Protein chains: 2
Amino acid sequence: MPARTATLCCTPLTEAALSAADATEVASLLGALADPVRLRLLSIVAAQGEVCGCNLEGPLGKSQPTVSHHTKVLAEAGLITSERRGRWVWWRPVPERLALLRQVLGGQ
Amino acid sequence: MPARTATLCCTPLTEAALSAADATEVASLLGALADPVRLRLLSIVAAQGEVCGCNLEGPLGKSQPTVSHHTKVLAEAGLITSERRGRWVWWRPVPERLALLRQVLGGQ
DNA sequence: CCGATACATTGATGAGCGTCGATGAGAGCA
DNA sequence: TGCTCTCATCGACGCTCATCAATGTATCGG
């Protein structure tokens, strides 16, 4: 859960050409979202506000290792955060991270 | 240039869980952007407003077939449009497409 | 026509990724 | 201490994708 230092760049890509470095950083963030399973995972977590990992396998229809893999990718991208409670891991969204993406994509 | 029927879904993924079908559609759109070269390509086109294809190879530092490949991917995603003028192909951004993405990502 | 230029397509190659079974690491309970 | 449950990691498989050389297609100038 290395929170990804991630100041991210960012002038919107509609205003000026991205540098190669910025483009790589933004691309990796977008890549974390460019997967149907991870999009549904994030939407479930964001809609609920807080979700136990044990309640993800079912809705996603994926194996436990696969779900664990996707949560890891989203967490490393800074889009969700984890908190351990006993045997369970609870996941919460990081709205600022999505807002940052919208800004890069030309948000005002 | 099959303009991608693409009404796209879209309730923001922060409000309700995405369906599998919607997630796949959004993921493919995000996938078109989740590449450093395509991000820079789009940023160049968006910043200029209109760019000749012959002026892309240089700034991107990629071979002609590679650039052609990326423009095709972005065009099929509906993010840019092409117009032929003599021997040249001019590329223009499709801002509504980016706006749609921002909306799915939780834009107001 | 003929050569040159801009772009698209093809085919091949190498890297990366999604998936899952098997296994490991921790936490709780009896 | 054992057993169970949740989650993370590992290893392997199959598929997709980015890249480029070679080739094809279309346009313009002479």
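In chain A of this predicted model, three strands make up an open sheet, and their order across the sheet is E1-E3-E2. The pairing is antiparallel. Strand E1 (51-52) and strand E2 (80-85) of chain A lie at the edges. Each of these two has a single partner strand, so one side of each is left without a neighbour in the sheet.

The pairing can be followed strand by strand. E1(A) is joined to strand E3 (residues 88-93) of chain A by 2 bridges, and the two run antiparallel. Within this pairing, Cys52(A) has Trp90(A) of E3(A) as its bridge partner. Helix H2 (residues 36-48) of chain A packs on the sheet and touches E1, E2 and E3 of chain A. The direction of H2(A) makes about 85° with that of E3(A).

On the other pairing, E2(A) and E3(A) are antiparallel over 6 bridges. Arg85(A) has Trp88(A) of E3(A) as its bridge partner. E2(A) and E3(A) form a hairpin with 2 residues between the strands, and in this hairpin Gly86(A) takes a positive phi near 65°. As a general point, side chains in a regular strand alternate between the two faces of the sheet.

Chain B also has a sheet. Its 3 strands form an open sheet in the order E1-E3-E2, with antiparallel pairing. The edge strands of chain B are E1 (51-52) and E2 (80-85), and each pairs on one side only. E1(B) pairs with strand E3 (residues 88-93) of chain B over 2 bridges in the antiparallel sense. Here Val51(B) stands opposite Trp91(B) in E3(B). Helix H2 (residues 36-48) of chain B packs on this sheet and touches E1, E2 and E3 of chain B, its direction making about 85° with that of E3(B).

How are the two chains related?

| Helix pair | Angle between axes | Axis separation |
|---|---|---|
| H1(B) and H5(B) | about 120° | 11 Å |
| H2(A) and H1(B) | roughly 115° | within 8 Å |

Helix H1 (residues 20-33) of chain B packs against helix H5 (residues 95-104) of chain B at an angle of about 120°. That makes H1(B) oblique to H5(B). H1(B) passes H5(B) in a left-handed crossing. H1(B) contributes Val26(B), Leu29(B), Leu30(B) and Leu33(B) to the contact, and H5(B) contributes Arg97(B), Leu98(B), Leu101(B) and Val104(B). The residues of this contact are 7 nonpolar, no polar and 1 charged.

The crossing of H2(A) and H1(B) is right-handed. From H2(A), the residues in the contact are Pro36(A), Leu39(A) and Arg40(A). They meet Ala20(B), Ala23(B), Thr24(B), Val26(B), Ala27(B) and Leu30(B) in H1(B). The residues of this contact divide into 7 nonpolar, 1 polar and 1 charged.

Technical notes:
Residues numbered from 1 in each chain as written. Chains lettered and ligands numbered in written order. Predicted model: local features only at pLDDT ≥ 70, side-chain atom pairs only at ≥ 80, totals over all residues. Heavy atoms only, no water. Axes fitted to C-alpha atoms, helices over the stretch in contact; angles between N-to-C directions. Helix = DSSP H or I, 4+ residues; strand = E, 2+ residues; numbered from the N terminus. Parallel < 35°, antiparallel > 145°, perpendicular 65-115°, else oblique. Left-handed = near helix turned anticlockwise from the far one by under 90°. Contact = heavy atoms within 4.5 Å. Nonpolar A, V, L, I, M, F, W, Y, C, P; charged D, E, K, R; others polar. Pairing = 2+ DSSP bridges.
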